[in-house]
Amino acid sequence: YKELLRLGYELTVSIVGPPYLNGIYPHPRARIIVNPSMDYAQSLKLITDADVVVGASTMAATAVAMGKPTVMLGQSDLT
């Protein structure tokens, strides 16, 4: 998050829990979307609108299936 902001990217971040527990903080170039239930329809809209997706599990697999450039994180440890 910090590195992408430092590089000047505009970000949309979909999070499940509180931002501070996700290492996220407010920034003018970051739009934070709280999606506590990981609603698939909401996530799909975000993926559709994205240029690049960084994610895990179903959302990352969906992005790959849609042909979006994707960085896929490990499910349990986010490596």
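Reply: Helices (H or I, at least four residues) and strands (E, at least two) are DSSP runs, numbered from the N terminus. With that naming, Met38 lies in the loop between β2 and α2. The model is predicted, so local features need pLDDT of at least 70 and side-chain atom pairs count only at pLDDT 80 or more, while totals for chains, interfaces and linings use all residues. Residues are numbered from 1 along each chain as its sequence is written, and side-chain values use heavy atoms, with hydrogens and water left out.

Me: What makes the phi of Met38 worth a remark?

Reply: Most residues other than glycine have a negative phi. Met38, a residue other than glycine, has a positive phi near 50°. Ser57, which lies in helix α3, is not a glycine either, and its phi is positive at about 60°.

Me: Why is Met38 counted as partly exposed?

Reply: Buried means under 20% relative accessible area, exposed means over 50%, and partly exposed is in between (1.4 Å probe, protein chains only). Met38 has a relative accessibility of 31%, and therefore counts as partly exposed. Ser57, at 38%, counts as partly exposed by the same rule.

Me: How do you know whether Ser43 is buried or exposed?

Reply: Ser43, found in helix α2, has a relative accessibility of 3% and so counts as buried. Leaving aside residues up to four places away in sequence, Ser43 touches Asn35, Met38 and Met59, where contact means heavy atoms within 4.5 Å.

Me: What puts the buried residues of α2 on the same side of that helix?

Reply: The buried residues in question are Ser43, Leu46 and Ile47. They cover an arc of only 100° around the axis, and therefore lie on the same side of α2; the arc is that of the directions from the helix axis to the C-beta atoms. The buried residues of α2 pack against β1 (11–15), β2 (30–34), β3 (53–56) and α3.

Me: Why are α2 and α3 called oblique to each other?

Reply: The axes of α2 (residues 40–49) and α3 (residues 57–65) come within 10 Å and cross at roughly 40°; such axes are lines fitted to C-alpha atoms, for helices over the stretch in contact, with angles from 0 to 180 degrees between N-to-C directions. Angles under 35 degrees count as roughly parallel, over 145 as roughly antiparallel, 65 to 115 as roughly perpendicular and the rest as oblique. The crossing at roughly 40° falls in the rest, and α2 and α3 are therefore oblique.

Me: Which residues make the contact between these two helices, and how are they divided by class?

Reply: On the α2 side the contact is made by Tyr40, Ser43, Leu44 and Ile47, and on the α3 side by Thr58, Met59, Thr62 and Ala63. By class, this contact has five nonpolar, three polar and no charged residues, where Ala, Val, Leu, Ile, Met, Phe, Trp, Tyr, Cys and Pro count as nonpolar, Asp, Glu, Lys and Arg as charged, and the others, Gly among them, as polar.

Me: What makes Thr62 count as buried?

Reply: Thr62, in helix α3, has a relative accessibility of 10%, and for that reason counts as buried. Apart from residues up to four places away in sequence, Thr62 touches Tyr40, Leu44 and Ile47.
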